Amino acid sequence: MKIMASTLGTSSFALLPSRHHSSLPTNSLSQTAVQLFGPKFCGGIGFHAVKGSSLFPVASVATHVNSAQQAQKIAFNESQRPVYPFSAIVGQDEMKLCLLLNVIDPKIGGVMIMGDRGTGKSTTVRSLVDLLPEIKVVAGDPYNSDPEDPEFMGVEVRERVLKGEQLQVVFTKINMVDLPLGATEDRVCGTIDIEKALTEGVKAFEPGLLAKANRGILYVDEVNLLDDHLVDVLLDSAASGWNTVEREGISISHPARFILIGSGNPEEGELRPQLLDRFGMHAQVGTVRDAELRVRIVEERARFDKDPKKFRYSYKAEQEKLQQQIASARSFLPSVQIDHDLKVKISKVCAELNVDGLRGDIVTNRAAKGLAALKGRDKVSADDIATVIPNCLRHRLRKDPLESIDSGLLVIEKFYEVFT
């Protein structure tokens with residue numbers, strides 16, 4: 001047996017039998033992170049987005065942003081609390097790749113990030129804000145309803161569509177909503193104004209965090225410490241894609257489809273298996289051991305703390321290239337294909353690892369397509385699958401208390417056994 005470095009950097013390893021190396025191009029596998037991220041984790045691929053026509057009557061009121069609005073937006077962004085640039089984060093390529101793939105294809109189902117304290121988990125997730133693309137939403141709708149997809153429409157918007165009303169559409173950036181550990185259930189789900197309902201006979205609903213997170217990202221830091229009643233709420237919304245509030249005989253529902261991102265330290269407690277299975281991908285983060293790399297991280301952080309605006313400006317070009325790459329990958333994703341033979345092999349890996357259910361198969365297929373789109377290819381290769389499959393299946397394996405080997409290594413070992 002020979003230990004090889006993982007395609008995703010130094011934070012994980014792959015235990016691979018030497019007899020399996022011949023039939024797969026491991027040279028290209030080892031270059032995956034370098035090709036994608038480069039020395040400064042940037043790069044752009046030029047694709048032209050194909051815009052489809054809407055099925056519903058819509059009126060775009062913000063297709064072109066004039067210079068005054070653009071200047072106003074820039075001024076607003078500069079007045080906000082400065083966020084550490086995603087491109088400036090050193091190492092942790094596995095975590096960064098999982099986050100990017102979820103932005104490219106939100107149907108992957110989110111990512112769970114587990115690792116040591118002080119390894120940049122929260123910093124990396126929050127730095128994703130700058131890279132999030134803009135989406136079409138119905139103007140004035142509190143649920144960020146999609147004007148073209150009934151699956152992401154609120155009840156009121158659907159009623160307007162059925163009446164033949166013309167929907168006003170604006171472009172807005174994807175939301176990232178933080179879910180505090182101490183949040184109440186009413187704050188998360190929303191609350192109904194009973195007094196107004198009784199006196200005026202109207203459903204007065206105050207939307208909560210789940211409404212705000214619809215078609216966006218819901219981030220839970222220290223998710224393994226989250227109260228059980230809130231975990232139940234997340235499980236219900238993640239399973240159905242809708243949030244239903246029942247109070248005093250009044251019922252209100254709204255769409256709540258979001259990318260669930262959680263982070264935590266495994267030493268502080270385990271996550272409930274029902275919630276763990278809801279995360280599409282699982283990234284493990286380790287402490288950087290290389291002294292030179294640690295010094296570089298400390299110096300970069302000191303530069304940011306000294307002058308955040310200047311530091312962010314120095315990474316502006318890399319951030320813009322990465323934004324362009326994400327936008328290109330999102331538009332190119334529908335055209336990416338995966339061979340039937342590769343699909344069968346993915347399912348065979350899942351079956352032989354005794355993975356419960358079919359979520360592992362679905363997520364691996366989606367993540368591999370997302371990676372191919374990110375690299376600018378219209379066909380998934382075995383390399384793409386080898387890169388993402390440990391993150392898609394690692395947390396779905398049954399726990400064996402006597403097993404000392406990392407579950408990600410078991411997945412990689414089985415992958416090479418099946419794919420060769």
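Start with α15, residues 340-352, and α16, residues 359-374. In this predicted model, the two helices pack at an angle of about 140 degrees. Their axes are 9 Å apart. Is that antiparallel or oblique? The cut-off for roughly antiparallel is over 145 degrees, so α15 is oblique to α16. The crossing of α15 past α16 is right-handed.

Which residues meet there? From α15, take K343, I346, S347 and C350. From α16, take G360, D361, T364 and N365. Sorted by class, this contact has two nonpolar, four polar and two charged residues.

Next pair. Helix α4 covers residues 93-104, and helix α14 covers residues 316-332. They pack at about 50 degrees, with axes 9 Å apart. Roughly parallel would need an angle under 35 degrees, and roughly perpendicular starts at 65. Therefore α4 and α14 are oblique to each other. On the α4 side, L100, V103 and I104 make the contact. On the α14 side, the residues are L322, I326, A329 and R330. By class, that contact has six nonpolar residues, no polar ones and one charged.

Now α17. This helix has twelve residues. From first C-alpha to last, α17 reaches 16 Å, close to the 16 Å expected at 1.5 Å a residue. How many of its residues are buried? Twelve of twelve, so to speak a mostly covered helix. The buried residues run from A382 and D383 through to C392 and L393, with P390 and N391 among them.

Move on to the loop between α17 (382-393) and α18 (407-419). R396 sits in that loop. Buried or exposed? Buried means under 20% relative accessible area. R396 has 6% relative accessibility, so R396 counts as buried. Which residues touch it, leaving aside neighbours within four places in sequence? The contacts of R396 are D277, F279, G280, V355, R359, G360 and V363.

Last position: G216. Find it in the loop between α9 (209-213) and β10 (217-221). At 2% relative accessibility, G216 counts as buried too. Beyond four places in sequence, G216 is in contact with I174, N175, R257, F258 and I259. G216 and L260 are 44 residues apart in sequence, and their C-alpha atoms are 8.9 Å apart in space.

That's it from me. Over to you.

Notes: Residues numbered from 1 in each chain as written. Predicted model: local features only at pLDDT ≥ 70, side-chain atom pairs only at ≥ 80, totals over all residues. Heavy atoms only, no water. Helix = DSSP H or I, 4+ residues; strand = E, 2+ residues; numbered from the N terminus. Buried < 20%, exposed > 50% of the residue type's maximum accessible area, 1.4 Å probe, protein only. Contact = heavy atoms within 4.5 Å. Expected span 1.5 Å × (residues − 1). Axes fitted to C-alpha atoms, helices over the stretch in contact; angles between N-to-C directions. Parallel < 35°, antiparallel > 145°, perpendicular 65-115°, else oblique. Left-handed = near helix turned anticlockwise from the far one by under 90°. Nonpolar A, V, L, I, M, F, W, Y, C, P; charged D, E, K, R; others polar.
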